Amino acid sequence: MERLRVLELYSGVGGMHHALRESCIPAQVVAAVDVNTVANEVYKYNFPHTQLLAKTIEVLMQFPKIESVHPQKYTMDVENKIQEKNIEPNISFDSSTQGSGKDAILFKLETAEEIHRKNQQDSDLSVKMLKDFLEDDTDMNQYLLPPKSLLRYALLLDIVQPTCRRSVCFTKGYGSYIEGTGSVLQTAEDVQIENIYKSLTKLSQEEQITKLLMLKLRYFTPKEIANLLGFPPEFGMWDTCRIQLSCIKTLKNL
């Protein structure tokens, strides 16, 4: 088979490069392209001999800019997205909206159908438990969710335990945004999450925070996410990601 010459677009930290290497397909990544400076640092550390371009694809190819085709529509779409992001979730909800049957909200805005699906995923013995991917030699206090985030996003969190065999997809917004960016880990395994949430809306804010803190929820570390994504143990430069996460959390609390 002729050796492939690969251009790696949106290279990130090099996941596709590593997968290509592991596939044993004769290939050479001749260049990688990404604008994320933190991802590029990790990429350069692990693939120092690959040319890395910190540019956008538009610059490399001279694609026409989207906003130049329909400028007014583009502006409206952007404004709508900003407005959608500014909608703040509310921790309380009216019991009359909870519905019935499989669509009924049991707790934490989850229906019986959603909980059943998650239980099925956690029962799949062919999948490893999350505890097999966790670090045990790192100070985890820096990854705990602050009270402000717990109170504001309590009903939106996807919470998993070390014995779970599932998580939601992790995105680049993980650590700076809460909703839809990845699961958080409940480290207090002896606490029943149902008991925390079922009585939550009847409490004052101070009492809600006290209850939620009992779960000891934390973010997954960059290394743990890398483990879940199949990166090898020797894949390095996670200190860069840790520093970025720490800075983000510090800025959010200012």
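**From a surface patch to the aromatic pairs**

Tyrosine 10 lies in the loop between strand 1 and helix 1 (15–23), where helices (H or I, at least four residues) and strands (E, at least two) are DSSP runs numbered from the N terminus. The model is predicted, so local features need pLDDT of at least 70 and side-chain atom pairs count only at pLDDT 80 or more, while totals for chains, interfaces and linings use all residues. Residues are numbered from 1 along each chain as its sequence is written, and side-chain values use heavy atoms, with hydrogens and water left out.

With a relative accessible area of 64%, tyrosine 10 is exposed; the word means over 50% relative accessible area, whereas buried means under 20% and partly exposed lies in between (1.4 Å probe, protein chains only). Together with Leu7, Leu9, Leu60 and Met61, Tyr10 makes a nonpolar surface patch of about 480 Å². Patches of this kind are made of residues with over 30% relative accessible area and no salt bridge, nonpolar side chains (Val, Leu, Ile, Met, Phe, Trp, Tyr) being joined within 5 Å and like charges within 9 Å. A salt bridge is a side-chain nitrogen of Lys or Arg within 4 Å of a carboxyl oxygen of Asp or Glu, and accessible areas come from the Shrake-Rupley method with a 1.4 Å probe, for which only the protein chains shown count as cover for residues. Strand 1 (4–9) and helix 3 (57–61) each supply at least two residues of the nonpolar patch.

Turning to the sheet, three strands form an open arrangement in the order 6-7-8, with mixed pairing. Strand 6 and strand 8 each have a single partner strand and stand at the edges, so one side of each is left without a neighbour in the sheet. Two strands pair if DSSP finds at least two bridges between them; strand 6 and strand 7 run parallel and are joined by two bridges, and isoleucine 159 has valine 184 in strand 7 as its bridge partner.

Finally, the aromatic rings: those of Phe, Tyr and Trp (its six-membered ring) pair if their centres lie within 6.5 Å, with planes under 30 degrees apart counted as stacked, over 60 as edge-to-face and the rest as tilted. By this rule there are six aromatic pairs. Tyrosine 43 and phenylalanine 47 form a tilted pair, 5.0 Å centre to centre with 50° between the planes; tyrosine 43 counts as buried at 0% relative accessibility, and phenylalanine 47 counts as buried at 4%. Ring pairs also link Tyr43 and Phe47 with Phe231 and Phe235 into a cluster.
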